[in-house]
Amino acid sequence: MPGTAPEGGFALELRDVAKSFGSVAALRSGSLAVAPGSIHALVGENGAGKSTLVKIVAGVHRRDSGVFRLHGTDVDFGSTADSKASGVAVIYQEPTLFPDLSVTENIFMGRQPLGTGRRIDRAAMYAEAERLFAGLGVHIDPRRPARGLSIADQQIIEIAKAISLDASVLIMDEPTAALSGVEVERLFAVARSLRDENRALVFISHRFDEVFDLCDTVTVMRDGAYISTQSIADTTVDQLVAQMVGREVTDLFPKTPAEIGDVVLDVEGLSSAGLFRDVSFQVRAGEIVGLAGLVGAGRSEIARAVFGVDRYDAGRVRMHGSDVPAHRPRAAIRAGMAFVPEDRRKQGLVIDESVSRNVAGVIRRGLSKAGFLTSGAENRAAGPWAGRLEVKTSSLDMHATTMSGGNQQKVVLAKWLATEPKLLIIDEPTRGIDVGTKAEVHRLLSELAGQGLAILMISSELPEVLGMADRVLVVCEGRITADIARDDATPENVMRAATASIQHSPSQPVDAEVTA
Amino acid sequence: ACGSSDSDGGSSSSGGSDGGNVSVTFLPKNLGNPYFDTSDAGGKEAVEAFGGTYDEVGPDTATPDAQVSYINTAAQQGVNALVVSANDPEAICDALDEARDAGTKVVTFDSDTNPECRDLFINQATADGIAKVEVDMIAEQIGDSGQIAILSAAANATNQNAWIELMKKDLAADHPNIDLVDVVYGDDDDQTSFDKTAGLLESHPDLKGIISPTTVGIAAAARYLSTSDAKGKVALTGLGTPNQMREYVKDGTVTEFALWNPHDLGYLAAYAAQALVNGDITGAEGDSFTAGDLGDFTVGKDGTVLLGDPYRFNKDNIDDFDF
Amino acid sequence: MSQLDIAASAQPRLQRALVGLAKSREITVAAVLVVIIALTTFKSDGFLFSSDGWRNLLVSPALLMILAVGQAVVIITRNVDLSVGSTLGLTAYLTGKVFIQWPDLPVPLVFVIGLAFGALLGLVNGVLIAFGRVPAIVITLGTLYVYRGIFLSWAGSDRVNASDFPSSFNELGTKAILTIPVVTIIALVVMGLVGYYLYTARSGREFYAIGSDEDAAKLYGLPVTRRVLLAFVLSGALAGLAGVVYAARYGTVSSGAGLGIELQAVGAAVIGGVAIAGGVGTVWGATIGAVLLITINRALPVWGISDFWQQAVVGALILGAITLDRLYSRRQERLLIAARDLAHAAPTKVGTAS
Amino acid sequence: MSTATAPAESTPRTYPSYAHALWRRVLLTREFAVIALLLVVFFYSRGNVPNFDGPLTLYYLFLDIAPILLIALPMTLVIVTGEIDLSVASVMGLSSALLGTLHADAGWSMPMAALAAILAGVLCGAVNGFLVAYVGLPSLAVTIGTLALYRGLAEGLLGTKAITDFPDKWRDWPSNRIFGDGTSYPMILVPFLVLLVLFVWLLHFSTFGRGVYEIGLNDEAAHFTGVNVERTKLLLFVMSGAVSAFAGLYFTLRYGSARGDNASGLELQVIAAVLLGGVSIFGGRGALHGVVAGVVLIGVISSAMRLEGYTVNKINIVIGTLLVLSVMATPAIAWVQRVWARRRLS
Ligand SMILES: Nc1ncnc2c1ncn2[C@@H]1O[C@H](COP(=O)(O)OP(=O)(O)OP(=O)(O)O)[C@@H](O)[C@H]1O
Ligand SMILES: Nc1ncnc2c1ncn2[C@@H]1O[C@H](COP(=O)(O)OP(=O)(O)OP(=O)(O)O)[C@@H](O)[C@H]1O
Ligand SMILES: [Mg+2]
Ligand SMILES: [Mg+2]
């Protein structure tokens, strides 16, 4: 069981907590003990039950059994309001903002500063928001509505909200998944200062470098159960990984060299007002092209425009030399493109639909006979693809809602591989995916490239880009600022290009060396 | 008189086929309309008097399609007679025909269908008579010159439209100085009629009189006028019930209005239905029957029975009535 | 980082307030209203300048104003209340019955009874929706039928006439204070109170948060159930109040009272800038929307347009309002993008210089 | 390539197609509950309601519910995408008014006038669809607007007139009996059945229908998998407009009267029936067999209650309560289960 109690007792303590959703046991025996004045990492594979544990602390779910103590006293939260009142602040895995309200109201909802006559004192509220943002080193207009903020900015609002709660226990469920290096650094600085104020922090992340950089203690979970707690200083990445997956993972980025063939995708002068400008590049058969850059650089937007889910203002997209009409995903699919988007719950799959309908979702036109499409035909087509990707589900009519992130990602991949594409565009292939599944995805991508598939991969994880890509394109502020071959790519020159201002002719980025 | 007509009905029905229990269903334009409440109460009184079975059904809005369902139901139930005030002269015809094929006698009252679709129409007053009395009243009240307007019921109401046409003719022929400037429709809804009255006065600042040939309309218009500047300046007349209008006659908003007795109308319709069911009459011109204490009636042209002339209500006589 | 911070926060306060005012939907609708009144008065000056005209201008929309306020609150929480017409009718009839039973009841007490009864009917909606977590449109469609059915069964072959009410109550429908009709004052007070609450109270803002994203509100720990319940109770209570006002103003209550007015109330709120998707809008906007709807209806006959076309005009107005809103927000988006382009351009120059 | 996590390539996983047995998937559904209720009410009425067993009952029932049956088909698809169309009854009124004006006033032949009315319905639907799908406006607001607009056009077109001179052949057609005198099936069932087959195929057995469900569940994901969300919605509103216009023709011919106010208020009846049939107002859920059962259920209840002598107010109370109960059933069952579970624990 996790550690012996420090002098003042634990700030947060959970022992053998269990929680089931119907027949799914999300948490079998979760334990976590966090001392005040420490930053405690919680790691585990997808579906290990981390978020469920967090939601129990937050009062979103009620535990079925087990001990739950806050500063030594037993508690049982019926709602998130209770937990908040007890000094627990939580940043959830998915941002939860009110899009129509101002950024400031989002932060202070329900506890706005009051003036005379219990009226909301808006001036004080805005001033307080500006102060918070200044502390985080960001500049966001406190009066603008939350709608339209990038995921990174949304995450920053969440962080500001949690900090302003002045809580004694702060839990962050993958707060950095959408943040870039600079922002992560700022967040860490804030976290450390909170620790120094003797608060207890819980930090969940799949990125080990962050865990080792920030935290002092780490708890590992697997399959809904507690595995171990140890001091960061006493452990290594390999040990943690081994505990998480219950086995050794040796090769995270197993890219094998593949034969590079003809040009498959040819993008020329693509522009979209406010998002990106004059983007040109090519992807060849068998090649993995990595699209690197800071969050908000516009990589996703480029990918979405290429695939046709977004409009663009100028430029052309060609597959195998023939033009692909703009803003028509169907045409792109027919031309051989497949697109795994960054937000799998909202864009990647229809979460309330069965596995088989999701997997057969793109190929169903080919499945209907004489205009007739039956569930049987879908099941027959979907089954083998789900099997090839080792999707963990009890039957093909299970809804994707019940699956963990990694499994959902496999369903999305199965769906697109079923179309037998020539080009796979994959945005953040392993975001929020645990190490085990991550390795599987990487192996798969490498294998697909080996079979001659052209792959355009967007990733915010530099090791992933450097490990997987044959060629790295760096995007900065909507332009391609560098095109670096695999052998020349180092973290330093990629980061420099990602933070560089454009100093060369933007129409000729191909083969340009890094200039910064 | 009541007793004798009662035994009359009883004897003739026992002279018919089935032991005197004539079932009559009243189907007004819509439920919750005081005018029909009164007429159907009259019908009920008559049916109870001759020992039949009375029933009242109807839709909540005055539309023909809603009425058709109830006609169909009556046909299925095989009621002996159906007494209907038609929301549309044509639209309920097929349904009525089917009911008649199934053996149900159909009497229309208040608002007629095409003559082929029913056995008898109980006419409250001739259309000419109604139009004339309304035009005469307004002419007297505004000194036979000036602008007037009409606040009617639903735009498709058969009887109202017929009267309005006749009023227009009458005005053109006999009252050249009266100018009919507008016809608006209050849909027999209190609120709409009220607001339309306000609208009329705004759109026509020189308006001198309003005719409202519908009981809901005239009451709403009177209520509006009684509280506005136009009270006493704009004359209001038309067809109304004494209970609804009493207050406005007394406070001077309304001088005189007219109506037949809707209670008698329902009463007569019920007796006519009974006579048809018992085979006393067929609905042919010249047939005659006795309607309880209302006395004898003769079927006129097109299978129409006329109740009588409209009656004018004013300060002097209104307290004699309660309906 | 956040490239979205357009110059907005750098604007001086007054300027920001003015720009916000000019852009606000409420002001646009109010401007359209003023233009319509002006043009119609130009055509027939009795529309505004006769004492009847002035009074009707103020008094006719009162009923819909009250309903629109309640509807706005419900729509802001991303729900809708289709049962208000039936609630209005039922309460109006109850008012009559109460007076017939106890003719000497003080008038304010009757208002309280109406409010309470409406609140009770709203509570039924609210309990079903908030606790059952079922869509409001279905539940209130159901209670629309049920409440009207109860009303019809109860009223049946009976109606309430003006003579059933004490004259002090009837006078309320027409009395004016400083030429402002009492009924209108009631509507304005309702608007003021509810609007003030929504704008300045913490719990008031929670209605917006819930409508903006209910799941987020739950995660945040807002009392979603209680607020949604309250919204429906408020809407019911205001429909009840409207019922009493209806009785006072029209004097007669028959089974048709309030039939179909629910869609008008929704229409008024939508025209006034309350977003049907929740989270956006003000009761003041909804009220102006109600006034515009009614006033257009009254202006059309003055312009010689047959009242058969009125519905068409109202429909066109609703479509116009929401379409304009949409185009406006598209333009806003484009401005935001342009601002972002500027923000992109700026560091480039700095970079070159360094 | 050789990682510890690499799956054994030799045995690709296989899955059963369904988690539950066939009977559970068929019988334990919302749709089946409605069908069961319909059967219960129907056979109860046959045994206990006087005259319900007569030959006319079904005949009138079908005539009465025909417009609702017709419009419920496209309305189901519209609601499954998460949208709503409140303007259907107004389109019926407009089609009725057009048929009347064009035939009687402008002297067009019946087929031409009918065709024009249907085209007008298509246009009305296209306006709704365009505003919803391409301008991106909420359908509730749009169709409240067009509800007033189309009704206003219909009433403006006809004014006080009710046009009744239609050829008998046409007037009689919808209510003629398919199998001759004495049978219960009016001719209007023929176009209904044709449309039913069409819509069942469209929603349940076509790629288009899969897209319809996906749009209702998550339109962004649907867009990302190549479903043309805008065009699908536009088409559905057009279908809704066209079928409503057709229902308007039926309404006109059955009652032999073209009026601007024909069928007002019918939209809420259609929606009530569709929801009663188990379609989720949030989109993504529902099936046509449930919807047809829902419409017929409302028809049977109304018919039986009318035969029992109840008037519209009682019928409305029953239908309204049923609607509320039908949506409350799911949360109520869940609540009971929760209480049960808690009681077993303690
Ligand atoms: N509301 C729910 N209903 C049913 N199953 C659920 C629910 N929430 C979570 N689960 C299941 O519980 C398990 C644990 O999920 P949880 O979200 O806690 O994992 P996690 O460790 O946070 O994973 P990740 O790293 O992907 O965020 C998963 O198998 C998930 O499918
Ligand atoms: N809906 C939106 N409205 C306004 N601006 C947006 C919207 N979505 C994204 N942006 C902006 O577009 C830019 C690029 O967005 P995004 O964060 O998706 O970039 P990215 O390079 O794909 O990053 P990542 O994939 O790592 O998240 C950012 O400036 C972001 O703020
Ligand atoms: Mg998680
Ligand atoms: Mg991205």
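What is the relative accessible area of A:Asp76, and does that make the residue buried, partly exposed or exposed?

Mentor: Happy to. Keep in mind that this is a predicted model, where local features need pLDDT of at least 70 and side-chain atom pairs count only at pLDDT 80 or more, while totals for chains, interfaces and linings use all residues. Residues are numbered from 1 along each chain as its sequence is written, chains are lettered from A and ligands numbered from 1 in the order in which they are written, and side-chain values use heavy atoms, with hydrogens and water left out.

A:Asp76 has a relative accessible area of 42%, so it is partly exposed (buried is under 20%, exposed over 50%, partly exposed in between, with a 1.4 Å probe and protein chains only). Its salt-bridge partner is A:Arg63, with the closest N and O atoms 3.5 Å apart (a side-chain nitrogen of Lys or Arg within 4 Å of a carboxyl oxygen of Asp or Glu). A:Asp76 lies in the loop between strand E5 (73-74) and helix H2 (80-85) of chain A, and A:Arg63 in the loop between helix H1 (50-58) and strand E4 (65-70), so the pair ties together parts that are 13 residues apart in sequence. Here helices (H or I, at least four residues) and strands (E, at least two) are DSSP runs, numbered from the N terminus.

That is one of 47 salt bridges over all chains. In chain A, A:Glu197 and A:Arg199 also meet in one, at 2.6 Å from N to O; A:Glu197 is partly exposed at 45%, whereas A:Arg199 is buried at 15%. In chain B, B:Arg312 and B:Glu140 form a salt bridge with their closest N and O atoms 3.4 Å apart. B:Arg312 sits in strand E14 (residues 311-314) and B:Glu140 in helix H5 (residues 127-142), so this pair ties together parts 172 residues apart in sequence. B:Arg312 is partly exposed at 26%, and B:Glu140 is exposed at 52%. Back in chain A, salt bridges that share partners join A:Glu13, A:Arg15, A:Arg69 and A:Asp74 into one network.

Salt bridges also cross between chains: chain D and chain B have three. In one between these chains, D:Arg259 pairs with B:Asp88, the closest N and O atoms being 2.8 Å apart.

A:Phe98 lies in the loop between strand E6 (88-91) and helix H3 (103-108) of chain A, and C:Tyr220 in helix H12 (residues 214-220) of chain C, so the pair joins two chains. A:Phe98 is buried at 0%, and C:Tyr220 is buried at 6%.
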